[in-house]
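I opened a new page for this structure. My plan is to look things up one by one and write down what I find.

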Amino acid sequence: MLGELINPYYLQVGSFILINIILGLSIYVTLSSGQLSLGNAGFMGIGAYTSAILTIHYDVPIILGIIAGAVVAGIVGILIGIPSLRLTGVYLAIATLGFGEVIRVFFVNWESVTNGAIGISGIPQIGRELFRIFREAGFDPSTLGLRNNQFVYLLVLIILLVINLFLICFLIRQNKSRVGRAFASIKMDEKAAEAMGINITYYKVLSFAQGAVLSGFAGALFAHVMGFISPADFSYHRAVEILIFAIFGGSDVIWGAVFGATFMTIMPEALRFISEYRYIIYGLILIFMMAFRPQGLIDVSTMQWFKKSKKGAAHGTGNQKHI
């Protein structure tokens, strides 16, 4: 019965949504400190290739490879973030976009390690490794009415969902902490924040590094979910997609990035019959949002309205019970 309800295709789309949410959170973190970075695709590629190379050529366990990919991306983010402090706005965006393209070209030309434009195949997949562990423990998916591929995709989806919940909770708590308040003050007025004693350099580099770590983490997960990566997966188009997650959903609140990533992942699947026009549609969305809703669909006022309406509904239900 359960096997009839679970479609592997929908499970895979759900996994892509959750990976893209992590990418949306990565650009949300950098935007929360007022920095517009378009290098997330490059950091994603660094995480993906680092984890893939370690797990294939050095037999590193998948979990350690994913962590290593995120750490290496974070280190590169710090190295890029420090000299980028002198740049703001569109100049920072252009510089980081150039960095992403340099990384892609690097992957194409370092053929002895990255296989060039052909990419890397045979990357250990999270789902298959977990399935092997369950089989060795004596568990059979058929006991749940599932086929092997359904069980594999379901395991991947559950793991990614848990990771997303952890990251969202962490960022919500960070926003309420000293770090989050420092990010917000820098975004509102950098000079005023510095006058108040906030270490601008430290917090801007921290924000940049956090975004790089999340992008690298998402890239490593992507590699071990797909089992294949190539430089084309981390091109300019990927950087634009990640930017649209925040622009469309809203860059002021976490849920804007979550909604943007979810919607913009489902849309190409729902409109697959016009997939060749996808980037034209993306461009039109950017123009429309910049003209009519520059803060995105979900902003602080939207969240406040939602909370008020939720409280009002709860209050009305309480009054009915009292009557």
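**Entry 1**

I started with Asn115, which counts as partly exposed because its relative accessibility is 40%. I note that the model is a predicted one. I looked up where Asn115 sits: in the loop between helix H6 (111–114) and strand E1 (120–121). Asn115 is not a glycine, yet its phi is positive, about 65°. I reminded myself that most residues other than glycine have a negative phi.

Which way does the phi of Asp59 point, positive or negative? I read a positive value, near 55°, and Asp59 is a residue other than glycine. Asp59 is found in the loop between H3 and H4. Asp59 has 65% relative accessibility, so it counts as exposed; the cut-off for exposed is over 50%.

**Entry 2: The whole chain**

Next I stepped back. I listed 15 helices and two strands for the protein chain. Its radius of gyration is 21 Å, close to the 20 Å that the globule rule gives for 323 residues, so the chain is as compact as a globular protein of that length. I also noted the box that the C-alpha atoms fill, roughly 70 × 60 × 40 Å along the principal axes. How many of the 323 residues count as buried? I wrote down 47%.

**Entry 3: Aromatic rings**

I searched the whole structure for aromatic pairs and got 18. I picked out Tyr49 and Phe107. Their ring centres are 4.0 Å apart and their planes stand at 20°, so I put the pair down as stacked. Tyr49 lies in helix H3 (residues 40–57) and Phe107 in helix H5 (residues 89–109), so the pair ties together parts that are 58 residues apart in sequence.

Are these two residues buried or exposed? Tyr49 counts as buried, because its relative accessibility is 2%. Phe107 has 6% relative accessibility, so Phe107 counts as buried too.

Then I took another pair, Tyr202 and Tyr203. Their ring centres are 5.0 Å apart and the planes are at 80°, so this pair is edge-to-face. I compared the cover of each partner. Tyr202 counts as partly exposed, at 48% relative accessibility. Tyr203 is buried, with a relative accessible area of 10%.

I went back to Tyr49 and followed its ring contacts. Ring pairs link Tyr49, Phe106, Phe107, Trp110, Phe222 and Phe234 into a cluster. Which residue lies over the face of Phe222? I found Arg238 there, at 5.4 Å from the ring centre.

**Entry 4: A nonpolar patch**

Ile63, Leu64, Ile67, Val71, Ile75 and Leu79 make a nonpolar patch of about 580 Å². I followed up Ile67, one of these residues. Ile67 lies in helix H4 (residues 62–81). Its relative accessibility is 45%, so Ile67 counts as partly exposed.

**Entry 5: Leu36**

My last stop was Leu36. I placed Leu36 in the loop between helix H2 (8–31) and H3. Leu36 counts as partly exposed, because its relative accessibility is 29%. How far is its C-alpha atom from that of Ser26, ten residues away along the chain? I noted a separation of 11 Å.

Key:
Residues are numbered from 1 along each chain as its sequence is written. This is a predicted model: local features need pLDDT of at least 70, side-chain atom pairs count only at pLDDT 80 or more; totals for chains, interfaces and linings use all residues. Side-chain values use heavy atoms; hydrogens and water are left out. Patches are made of residues with over 30% relative accessible area and no salt bridge: like charges are joined within 9 Å, nonpolar side chains (Val, Leu, Ile, Met, Phe, Trp, Tyr) within 5 Å. Accessible areas come from the Shrake-Rupley method with a 1.4 Å probe; for residues, only the protein chains shown count as cover. A salt bridge is a side-chain nitrogen of Lys or Arg within 4 Å of a carboxyl oxygen of Asp or Glu. Helices (H or I, at least four residues) and strands (E, at least two) are DSSP runs, numbered from the N terminus. Buried means under 20% relative accessible area, exposed over 50%, partly exposed in between (1.4 Å probe, protein chains only). Rings of Phe, Tyr and Trp (its six-membered ring) pair if their centres lie within 6.5 Å; planes under 30 degrees apart count as stacked, over 60 as edge-to-face and the rest as tilted. A charge sits over a ring if NZ of Lys or CZ of Arg is within 6 Å of the ring centre and within 35 degrees of the ring normal. The radius of gyration is taken over C-alpha atoms; the globule rule is 2.2 Å times the number of residues to the power 0.38.
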